[in-house]
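Please consult the sequence and the model while reading.

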Amino acid sequence: MAKPKDLMKEITALSKRRGFIFQSSEIYGGVASTYDYGPLGIELKRNVKELWWREMVQLRPDIEGIDSAIIMHPHVWVASGHVDEFVDPLIECKQCHHRFKADELENLEQCPDCGTKESFTEPRLFHLMFQTFMGPIQSEDNIAYLRPETAQGIYVNFENVRTPARQKVPFGIAQIGKAFRNEITPGNFTFRTREFEQMEMQFFVHPDEAQKWFEHWKDQRRAWYMALGFKMENLHFHDHDKLAHYAQAAVDIEYDFPFGRSELEGIHNRGDFDLSRHQEHSGKSMEYFDPATEERYIPYIIETSGGVDRCILALLIDAYEEEPEGDDPNKTRTVLKFHPKIAPVKVGIFPLVKRDGMPEIAREIEAELRKHFMVFYDDGGSIGRRYRRQDEAGTPFCVTVDGQTTEDRTVTIRERDTMVQVRVNIDDIPKMVREYTENWERNKGL
Ligand code: GAP
């Protein structure tokens, strides 16, 4: 199973070709590092977010969901430390005018792009929060920020959620939503963008139990990535020795991207930093009273913070394979070997030819299967071509209506990874697809 040399280029091209992800505002020349998700991309994204929500919120009695506003009170960002601390040291090469984060360069003596020596400007602190104004008057008093993380919407609502949900510590609050950062060095397709989505969960615990819960969440998050179908040899847990201003312990879940091992998700023990700061700045108590022990304390927070877009990019990379097609060594097929549960389309439906009653039966099957799954009807081009298009879309099953179907209502169903085809009764397709999805393990076919 081979990956091409320039995998990022192939992934970018396939994403555009098949309608997963493409440049935003493309007809105007695009906006740097801003992307739109097309019909397949949005299905893949929704599937991942729904699995996360199910796992985090719906299956756990101790986690509640929330959807907080993107624009929050500006004092939130003072309390959180973002107004003072969310800056990057920016340097620019005076020769080629490329900009870099000073702390990411190994050698500050020479520009890595044009090779000019001693060409950098002095580092200048660059703020990463997007700033706007609330209301018609654009003045200092009306400054508002687009949130750079979803987490703060959870902290400030600790009591608003806990009380009506009748939760007791330990418990958590989860949120999926957009975040914005005016990154100096966006790039690598959707890896680092200025607008992105996060899946964050903040778990409130007694300080003495923080380490235990930190370990619990490390295990949970590993299991989640495994269940998404990731090849586990490509995932790594990296303990941080350099901690962010709010963290007491941190581990990054990293993925082996083609451009290097990089962060997918962070798990942090944030101590009582967040609630203490909001208590201090808002004047409202953030303490929790434990009725069982009669103890009053500010809970510690264990955070799991993942990027939706990074997860999607990693899934595309992980699933991408090029394989020899048949006996001809010059022919290859490109296939996205997604776990069927995240695949954007579950079943492709093809009439073998556009006559003899086959399209009618195929449309009938499409209408029936649509009640159960995302499906795609295709009657264009040779059957081989239609299979290849679905392979590139990561569709796990393709159903073909042929001459025999008109006689006995059976069809062939072909599995994407093994390309094995079996004949089944039309009525059995939903059950079969469901059973294979439930029992699927990487590279297992029909
Ligand atoms: N609340 C903690 C927090 O926001 P972070 O490590 O700054 O922590 C968490 O961000 C996750 O959000 C990252 O692991 C990454 O997946 C995603 N993320 C952060 N910045 C991003 C960007 N510019 N583009 C895409 N994803 C980003």
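## The second largest pocket

Helix α2 contributes five residues to the lining of the second largest pocket, the largest share. A pocket is an open set of points on a 1 Å grid over the protein atoms alone, where a 1.4 Å probe fits, with protein on both sides within 12 Å along at least five of seven lines; lining residues have an atom within 4 Å of a point. This pocket holds about 410 Å³ of space, a volume being the space filled by probe spheres set on the points, which are joined across faces, edges and corners. Of its 17 lining residues, N47, K341, K346, F373 and T437 are the closest to the centre. Two or more residues come from each of α2 (39–58) and α13 (429–438); helices (H or I, at least four residues) and strands (E, at least two) are DSSP runs numbered from the N terminus.

By class, the lining has seven nonpolar, three polar and seven charged residues. Ala, Val, Leu, Ile, Met, Phe, Trp, Tyr, Cys and Pro count as nonpolar, Asp, Glu, Lys and Arg as charged, and the others, Gly among them, as polar.

## Basis of the model

The model is predicted: local features need pLDDT of at least 70, and side-chain atom pairs count only at pLDDT 80 or more, while totals for chains, interfaces and linings use all residues. Residues are numbered from 1 along each chain as its sequence is written, and side-chain values use heavy atoms, leaving out hydrogens and water.

## The largest pocket

The largest pocket has a volume of about 1,900 Å³. It is lined by 50 residues, of which K101, R181, R192, H240 and E263 are the closest to its centre. Strand β13 provides seven residues, the largest share of this lining. Among the other elements that supply at least two residues are β10 (195–205) and α9 (308–319). The lining comprises 13 nonpolar, 16 polar and 21 charged residues.

## Packing of α1 and α9

The axes of α1 (residues 7–18) and α9 come within 11 Å and cross at roughly 105°. Axes are lines fitted to C-alpha atoms, for helices over the stretch in contact, and angles run from 0 to 180 degrees between N-to-C directions. The two helices, α1 and α9, are therefore roughly perpendicular, a term for angles of 65 to 115 degrees.

In the contact (heavy atoms within 4.5 Å), L7, M8, I11 and S15 of α1 meet L313, L316 and I317 of α9. These residues divide into six nonpolar, one polar and no charged.

Conventions
Angles under 35 degrees count as roughly parallel, over 145 as roughly antiparallel, 65 to 115 as roughly perpendicular and the rest as oblique.
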